[in-house]
Amino acid sequence: MTTHPSQVQLTEDGRLKHFLTTEGLSKALLTEILDTADSFISTQERGVKKVPLLRGKTVVNLFFENSTRTRSTFELAAKRLSADILNLDIAKSATAKGETLMDTLWNLEAMYSDMFVVRHADSGAAHFIAEQVTPNVAIINAGDGRHAHPTQAMLDMLTIRRHQHSIEGKVVAIVGDILHSRVARSQIHALRTLGAAEVRVIGPGTLLPRDIEALGAKPFYNMKDGLRDCDVVIMLRLQKERMNNALLPSESEFFKLYGLTTEKLAFAKPNAIVMHPGPINRGVEIESAVADGPQSVILHQVSYGIAVRMAVMSMAMSGQQTQATEEQA
Amino acid sequence: MTLPNIEQICQQLAHDLADYLQQQNIHNPLLVGIRTGGVWVAERLQSQLQLSDDATGVLDISFYRDDFTQHGLHPQVKGSELPESIEDRHIILVDDVIMSGRTIRAAMHELFDFGRPASITLVCLLDIGRRELPIQPDVCGTRLDLADGQLVKLGGPNPLTLTIA
Amino acid sequence: MRYLHITNARVLDPALGLDQVIDVYVADGRIQAIGHKPHAGEIEHSIDASGQWLVPGFIDLGAHLPEPGYPHKGTIGSETQAACAAGFTHVCALPDSKPVADSPAVIKLIQEKANQAGYARVLPLGALTQGLEGEQLANMVSLTEVGCVALSNARAPFKDSYVLRRVMEYAATYDLLLFLTANDAALAAGGCMHEGPTATRLGLAGVPETAETVALAQLLLLIEQTGVRAHISQISCARSVRMLNHARQQGLRVTADVALANLVYTDEAVTGYNSQFHAQPPLRSEHDRQALLAAVNAGELCISSNHRPHEIAAKKAPFSDAEAGMSLFDVFIPLALQLVERGELQLSALIQACSSQPAQLLGMEQRLSEGATFNAALINPNSQVTISRRALKSRGGNIPCPGETLNGHVSAVFIGGRHVF
């Protein structure tokens, strides 16, 4: 009952069978994900982009929270692995009670689904499903509350590795609303494990979670100090509702203090790369000259997203399948 | 059981392949090795046939295997490396050991996802029988008859070695 | 007279300085003699309690009984029987039933059900405001007249500090006892666990300590101003302990209790999103836990169960969606004794925090002395129990430690001399 999230997602011999969080995964396993994703990038560049790996498997996109972008990349990834995919958008109101959520999932399991891609507004939802509801269906966490968005973090790792050669020894700054960001949490764990020299988080006190140091990130409150000597600058998306919740006075004041401009980017290393998980609020988190400038790798992130999702989907399906085979044997 | 001398077989294989290509009137072939052992054998053939570097490729069939549900994904997928186009090329597909024929089936499946080759010639260093699919090498180094349960493994790349387990 | 004779028990009543293997003779609902056989009468029944402890019956300062209103979570009968399994002879029932315990009719219903069941006695806490809505005063005097030992708003917030002040002023007029909870609803809003490194790691919204301490400061100032008799229910922070001590040093007569779970567990128990540890007040840091234990050991805090039974489905949800609370009665003794075994909690402090201190607060007598009403429990401290959902007295399966093997269980409970459990 109290299994650590990182353990729930592994088979007994340490292979991935769900993908819930980057926290607690070994450097070797994270590297394996990146290596596998690298191979899938090459299959994406061919005329026939599909591989037959998950032929006959059924993947269900279970989005309890709307996100057309993320859902599409998972859908494309599943299709390029030759899996059949079913998209379900379930408004949270319909599953306000845990019971209903479980009924929905058990029904889908009874239809011989092999994998659920889960996006949910509650932290721990994917973990709950993997541990207590349908442990024999591979669960891919496509974002749970403020907790984790591990595929986004891994595509960011792949981006850093491909554009800065390695993650080892790099100084990485994550800027903006860390408090509400599942992406930031997953990035911090992955960066620490993959050997980043320093992970910094930059933002106002209202948007930096308490005790963020415990995750291995160093808080900074201004861009000049925070960006100094950085190799990688990751901008986070700022949700409009933060202004209504007394967390920020205005978008313009945020942009003045933390918006990434050419001037602020100059504090970082000259070859620093600029990343953003999208969609970008131009003029709020980042100015267009930087978003579209030579240091931006934002569009590459999007293309790597499919390869990374193909990698974790095939690895988790593989772990889940081999575990089932061994249990039968 | 005395194991054959690998380097000698490679030389013989190169020789036989050259004859075969001449016979079939194949020029400018594309030598494609299947990871991992097939790549080493292909490298030997390339140097002995004096083919240029851009006349070779590497195939990683991990994404095309038919035993995914039993054995899962190979933990070290490295990806395939083929030229921009294999359209209308004469491909020489090289593997170290042929047994069931399933690897070759997967490899041919993958090749066709890259394009439509003019022909595929199959070259294997060792044939240990036990075929499960109607696939036979066009050129083969030697045939090994193993006892039940025995498997052969090629080590490499320098030197190439054979072990039986 | 015909006596109940309890022999060979280690009789423990630290409030009286009593800790001795000695015989106890009970008749007519009272302890007639300790250590010597009374001159007249005969022994009707003898209990050999070798290896067991006889302690004053425990008084729970706060449990959530699911009746009326939540039959799927349990009944007064099931939960008062479970309370006996924890050594409780008396249970203060928080007013958050459905309907809310804000009228004499509901109080009478609760009392009737409890009497019918015949297990632990229920001491109802009346609602402070109508419907616990925090706006209009409930009929506090009428509620007290039908038997409410104190009044409480459970964890429901007051509309504003004006209402809180008036509640206290009114209660002070009639010298009513208030059980108050220190919780600033706005600061706690959305939170489902202690705000700290674990919450940050898990991405769960936190309840900061200030949600408790800011509210406690307000309560203490208003208690001082109104002079009301007040008890603070279920504090969870080290800082609250210091604030209470400071207030008492200033001459304020204010008591407080801590839920057992906050002495046993910390926020780290939530790692893994185990919804059984979704509790109110939240489980806090190790620093807080240590300070609370120290306060209990120093006799500054009572211990309450904060028992809250739920059906399994209530906990089968992602952490923040799962209902808060633990079913604690069945595991109260083993968990408390574990603290004693580890040397974190003194046995004498545990007994006093559960018996003499709550008794004093409620103006009751709960002691093992000649002439006293025989409210007591026999505890076998060495019997090993493997905690299993199937063997619970409580209807609530939401126990924090299923499958664990722990020591200690209650073998008998006596209320008014009657062997009820």
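Select Glu23(A) and Arg201(C): the two form a salt bridge, with their closest N and O atoms 2.9 Å apart. A salt bridge here is a side-chain nitrogen of Lys or Arg within 4 Å of a carboxyl oxygen of Asp or Glu. The model is predicted: local features need pLDDT of at least 70 and side-chain atom pairs pLDDT 80 or more, while totals for chains, interfaces and linings use all residues. Residues are numbered from 1 along each chain as its sequence is written, chains are lettered from A in the order in which they are written, and side-chain values use heavy atoms, without hydrogens and water.

Next, show chains A and C together. Between chain A and chain C the count is three salt bridges. In contact (heavy atoms within 4.5 Å) are 32 residues of chain A and 24 residues of chain C.

Now select Asp38(A) and Arg162(A), whose side chains meet in a salt bridge of 2.3 Å, N to O. Asp38(A) is in helix H2 (residues 27-44) and Arg162(A) in helix H6 (residues 150-164) of chain A, so the pair ties together parts 124 residues apart in sequence. Helices are DSSP runs of H or I, at least four residues, and strands are runs of E, at least two, numbered from the N terminus.

Move to Arg119(A) and Glu65(A), a salt bridge with the closest N and O atoms 3.8 Å apart. Arg119(A) is buried, at 6% relative accessible area, whereas Glu65(A) is partly exposed, at 24%. Buried means under 20%, exposed over 50%, and partly exposed in between (1.4 Å probe, protein chains only).
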